[in-house]
Amino acid sequence: MSLIVPFFIGIITWPILEYSLHRFLGHVFKLNTLFKVQHTRHHIETNYFAPNFYKILAAIPASILVYLLGFLLFKTWFQALSLTLGFIVMYAFYEWTHYSFHMHAPKTKLGLNLRRHHFAHHFHNAKFNHGVTTNLLDHLCGTYLKVDKVKVPKSLLLPWLTDQSGQVKPEFSHHFEVK
């Protein structure tokens, strides 16, 4: 077996974990974990992100676990490493994507649609739209909430969304409004 298959499996494993962690540890279970504390703060201060130190501390044991599972599955350390690298690449892509959603204007229609999906979670109903890098699992798990126009609270405005007068920029006015 080539190294491409385990790498690809690692890539598709991350969004499943992303959705599950976000939905269950972030919203369903009432556990007082560091993840829950940081996640709740992110919902209160939408431009707050947990320090990278916390993310690295969480990523190390997760990567070791993925590697060990990969070794059990593929029986070679090289393929287990390929699986783990795919997982880590997608995790890094998730972190970059999530930060970009909050801090930078979308450049593509897909970026705009995924932002609308994510901010419907933040500003409409946190029981829905748990996926960040994809909305596929929300569709499959029945947690997809379609919102045509996201209503962003004035106190939680995104830096890229409004002009200097606090009005939604014209290019985003069909998808977002300030409430």
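For the labels I kept to DSSP runs numbered from the N terminus, with helices (H or I) of at least four residues and strands (E) of at least two. The model is predicted, so I noted that local features need pLDDT of at least 70 and side-chain atom pairs pLDDT 80 or more, while totals for chains, interfaces and linings use all residues. Residues are numbered from 1 along each chain as its sequence is written, and side-chain values use heavy atoms, leaving out hydrogens and water.

Is Thr 143 buried or exposed? I read a relative accessible area of 4%, so Thr 143 is buried. My classes were buried for under 20% relative accessible area, exposed for over 50% and partly exposed in between, with a 1.4 Å probe and protein chains only.

Next I listed what Thr 143 touches, not counting residues up to four places away in sequence: Tyr 19, Arg 23, Lys 127, Phe 128, Asn 129, His 130, Leu 137 and Asp 138. Contact here means heavy atoms within 4.5 Å. With Asp 138, I also found a side-chain to side-chain polar contact of 2.6 Å. A polar contact is a pair of N or O atoms within 3.5 Å; within protein, one must be able to donate a hydrogen and the other to accept it, and residues adjacent in sequence count only if both atoms are side-chain atoms.

I moved to His 117, which sits in helix α5 (residues 109-123) and is buried at 5% relative accessibility. A polar atom of the His 117 side chain lies 3.4 Å from the backbone oxygen of Gly 131. Leaving aside neighbours within four places in sequence, I saw His 117 in contact with residues including Asn 129, Thr 134 and Tyr 144.

Phi of Asn 129 is positive, about 55°, although the residue is not a glycine.

I compared notes with Lys 75, another non-glycine residue with positive phi, near 70°. Lys 75 is in the loop between α3 (52-74) and α4, and is exposed at 62%.

**Aromatic rings**

How many aromatic pairs does a search of the whole structure find? I got 14. Rings of Phe, Tyr and Trp (its six-membered ring) pair if their centres lie within 6.5 Å; planes under 30 degrees apart are stacked, over 60 edge-to-face and the rest tilted. I opened Phe 49 and Tyr 99: the centres are 5.3 Å apart and the planes at 55°, so this pair is tilted. Phe 49 is in the loop between α2 (34-44) and α3 and Tyr 99 in helix α4, so the pair ties together parts 50 residues apart in sequence. Phe 49 is buried at 16%, whereas Tyr 99 is partly exposed at 39%.

Phe 53 and Tyr 54 make a tilted pair too, with 6.3 Å centre to centre and 50° between the planes. Phe 53 is exposed at 57%; Tyr 54 is partly exposed at 32%.

Last, I marked one aromatic cluster formed by Phe 119, Phe 123, Trp 160, Phe 172 and Phe 176.
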